[in-house]
Amino acid sequence: MRAKITYAVTAAVLVVYFVLVGSRGVMLIQQGTVLTVAFGCAVLVLPAIGVWFLWQNTRFVTRANRLAAELEAEGGLPVDELKRTPGGRIDRDSADAVFARRREETEDAPDDWRCWFRLAVAYHDARDTPRARKAMQRAIALHAAGERDRDGQPVRN
């Protein structure tokens with residue numbers, strides 16, 4: 001719950017920032033000189049990219065949380081079996097051992113979104129965030145491909 005609150009506060013602060021920066025860009029454009037119009041357009045690009053990034057990240061997190069809830073309802077969430085250091089950090093050898101098992105599971109069932117979800121968690125535990133994100137994106141895509149509406153058509157998220 002704490003992570004959701006932190007994410008919501010951060011997103012709200014970013015939106016306020018985007019509005020402030022966007023208003024400055026509009027003010028520069030309204031000045032009407034070639035230089036201020038060019039600067040104003042450049043300034044408007046930054047909030048546009050920021051809004052797009054925030055939207056994509058929010059969609060990703062929402063979809064990943066939906067998969068986690070579904071997997072939890074099935075009783076298929078990975079159990080935390082990792083050894084930890086006295087400071088609470090995950091032991092690297094332990095994370096590597098769990099990762100190897102998750103990778104084998106995924107290789108055995110490459111079209112199962114559940115395996116890809118568990119592999120993403122293992123990548124995250126091994127501190128490989130880019131690969132964790134890619135594995136979670138694969139799990140989301142496989143889950144979406146498996147969902148069908150009443151007419152048998154794939155459901156778009």
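View 1. Asn65 is partly exposed, with a relative accessible area of 41%, where partly exposed denotes the range between buried, under 20% relative accessible area, and exposed, over 50% (1.4 Å probe, protein chains only). This residue of a predicted model has its place in helix H2, helices being DSSP runs of H or I with at least four residues, and strands runs of E with at least two, numbered from the N terminus. Arg66 also has its place in helix H2 and is partly exposed, with a relative accessible area of 40%. The C-alpha atoms of Asn65 and Arg84, 19 residues apart along the chain, are separated by 25 Å, while Arg66 and Ala97, 31 residues apart in sequence, lie 27 Å apart in space, C-alpha to C-alpha.

The model is predicted, so that local features need pLDDT of at least 70 and side-chain atom pairs count only at pLDDT 80 or more, whereas totals for chains, interfaces and linings use all residues. Residues are numbered from 1 along each chain as its sequence is written, and side-chain values use heavy atoms, with hydrogens and water left out.

**View 2. The largest nonpolar core, with Leu67 among its members.** A nonpolar core is a set of buried Ala, Val, Leu, Ile, Met, Phe, Trp, Tyr and Cys residues joined through side-chain atoms within 4.5 Å. The largest one here has 19 residues, and those with the most contacts inside it are Leu67, Trp113, Phe117, Met136 and Ala139. Two or more residues each are given to this core by helix H2 (34-74), helix H4 (113-125) and helix H5 (129-146), and H4 gives the most, with 7 residues. Leu67 touches Trp113, Phe117, Met136, Ala139, Ile140 and His143, residues up to four places away in sequence not being counted; contact here means heavy atoms within 4.5 Å.

**View 3. Trp116 and its contacts.** Trp116 has its place in helix H4. When residues up to four places away in sequence are not counted, Trp116 touches Thr106, Pro110, Ala135, Arg138, Ala139 and Leu142. By contrast, the C-alpha atoms of Trp116 and Val15, 101 residues apart along the chain, are separated by 32 Å.

**View 4. Arg127 in the loop between H4 and H5.** Arg127 lies in the loop between helices H4 and H5, and has a positive phi of about 65° although it is not a glycine. At 49% relative accessibility, Arg127 counts as partly exposed.

View 5. The secondary structure of the chain comes to 5 helices and 0 strands, and from the N terminus on the elements run α-α-α-α-α. The radius of gyration of the chain is 21 Å, well over the 15 Å that the globule rule gives for 157 residues, so the chain is more spread out than a compact globule; this radius is taken over C-alpha atoms, and the rule is 2.2 Å times the number of residues to the power 0.38. Along its principal axes the C-alpha trace spans about 65 × 55 × 25 Å. Of the 157 residues of the chain, 29% count as buried. Among contacts between residues at least 6 apart in sequence, 49% join residues at least 24 apart.
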